[in-house]
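I want to go through side-chain pairs, the core and the surface, one topic at a time.

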Amino acid sequence: MRTVRERPLILLTALLVGVLLVSLTVGRYPMSLPEIFSALKASVTGVELTDRQDEILFLLKDIRLPRILASVLVGAALASSGAVYQAMFINPIVSPSILGVLAGASFGATLGIVVVQSWVATQALAFVFACVAVGVAVLLSSMFSRSSILVLVLGGVVSTAFFRALSMLMEYMADPTSQLPEIVYWIMGSFAHVNNDTLIKVGILLFIGIIVLCTRGKMMNVMSLGDEEAQSLGISVKKVRLFMIVLATFVSAATVTIAGTIEWVGLVIPHVIRFMIGPDNRYLLPAAALGGGVYMLFTDTLVRTVFSAEVPIGVATSLMLLPLFAFSLYKHSGVWR
């Protein structure tokens, strides 16, 4: 059984490597893998570079590789945090977008762009308001004596609508020539402006957060048994639940600082992976991270190569994942757990 469950992980890892290699070679400035390896070898050995090799290294270092790594990290972060939310709330339709995380983070980012006008403050505000948005959703659901999954989802809908309204207010207040285009970029989602500086500042923390989430599968399996059983096994239920929710919120909010608002990935990809691998979180969480990375990298490669004008990644993911989500609901009806 262990070997069978590990096969999807091996397959997804191989698929990620394959898509990554293809993504390196395609685009407006195509280059072959032998050319890439030759340029890298010349750079390492100190051989004088040709003009073509110099061009290839520039494309790799400053344009293509940062974008590829960012798309993999964002996809992995959204999918793994979505899987954590679904496990913690025992709810198959909970995700960062449903609970208002992305809407809150987007408002924080727009607030930073319009009012504070500081990169560091923009990142901090995105995280703070992502946490506030989840808190609003949970608070609304706890106000009812008979709290249920439906009430939690409705609380997330209210939280999302509230922070989206605030984001629209920030758009109205923004300078239409400089700030408004930047806000539209956040809302529609794009990897076009990813650079090494952003990747280093946010990507490292994002990678650490994903790793921590993916290594908590055994703990989450215990939590899924119920609060009483988990407490009898020595688990501090409230502390563990709070830690996982805060970490998942941080991870999903950090994606907004890199690529703007990208919805549906955190909802649909965990469904697809669960269908492939089962509900065991020890395998589900790393598989969801790999699957999210593969999907996001594939989609970003598609939109920057197939279309003459690049389609915003947030739009592309929504159009591609909605039919897949409908199919997933049909396959999982009544048998989510």
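By about how many helical turns are Arg52 and Glu55 separated in helix H3? They are three residues apart there, so the separation is about one helical turn. Helices here are DSSP runs (H or I, at least four residues), numbered from the N terminus.

Ground rules, before I go on. This is a predicted model, so I note that local features need pLDDT of at least 70 and side-chain atom pairs count only at pLDDT 80 or more, while totals for chains, interfaces and linings use all residues. Residues are numbered from 1 along each chain as its sequence is written, and side-chain values use heavy atoms, with hydrogens and water left out.

**Salt bridges**

I looked up Arg52 and Glu55 because they form a salt bridge (a side-chain nitrogen of Lys or Arg within 4 Å of a carboxyl oxygen of Asp or Glu), with the closest N and O atoms 2.9 Å apart. Arg52 is partly exposed at 31% relative accessibility, and Glu55 is partly exposed at 36%. My cut-offs for accessibility: buried is under 20% relative accessible area, exposed is over 50%, and partly exposed lies in between (1.4 Å probe, protein chains only).

I then checked Asp197 and Lys201, whose side chains meet in a salt bridge at 3.3 Å, N to O. They sit four residues apart in helix H8 (residues 196-214), again about one helical turn. Asp197 is partly exposed at 44%, and Lys201 is partly exposed at 42%. Salt bridges with shared partners also join Glu35, Arg52 and Glu55 into one network.

Arg164 is partly exposed, at 40%. My count of salt bridges comes to six.

**Aromatic pairs**

I searched the whole structure and got five aromatic pairs. The rule: rings of Phe, Tyr and Trp (its six-membered ring) pair if their centres lie within 6.5 Å; planes under 30 degrees apart are stacked, over 60 edge-to-face, the rest tilted.

Phe107 and Phe163 make a tilted pair, 6.0 Å centre to centre with 50 degrees between the planes. Phe107 is in helix H4 (residues 101-116) and Phe163 in helix H6 (residues 149-173), 56 residues apart. Both Phe107 and Phe163 are buried.

Phe129 and Phe163 have centres 6.3 Å apart and planes at 65 degrees, so I log that pair as edge-to-face. Phe129 lies in helix H5 (residues 119-142) and Phe163 in helix H6, so this pair ties together parts 34 residues apart in sequence. Phe107, Phe129, Phe162 and Phe163 form one aromatic cluster.

**Core**

I listed what Ile262 touches (heavy atoms within 4.5 Å): beyond four places in sequence, the neighbours include Val74, Leu78, Phe191 and Met296.

**Surface**

Last stop: Leu319, found in helix H14. Leu319 is exposed, at 61% relative accessible area.

Notes: Helices (H or I, at least four residues) and strands (E, at least two) are DSSP runs, numbered from the N terminus.
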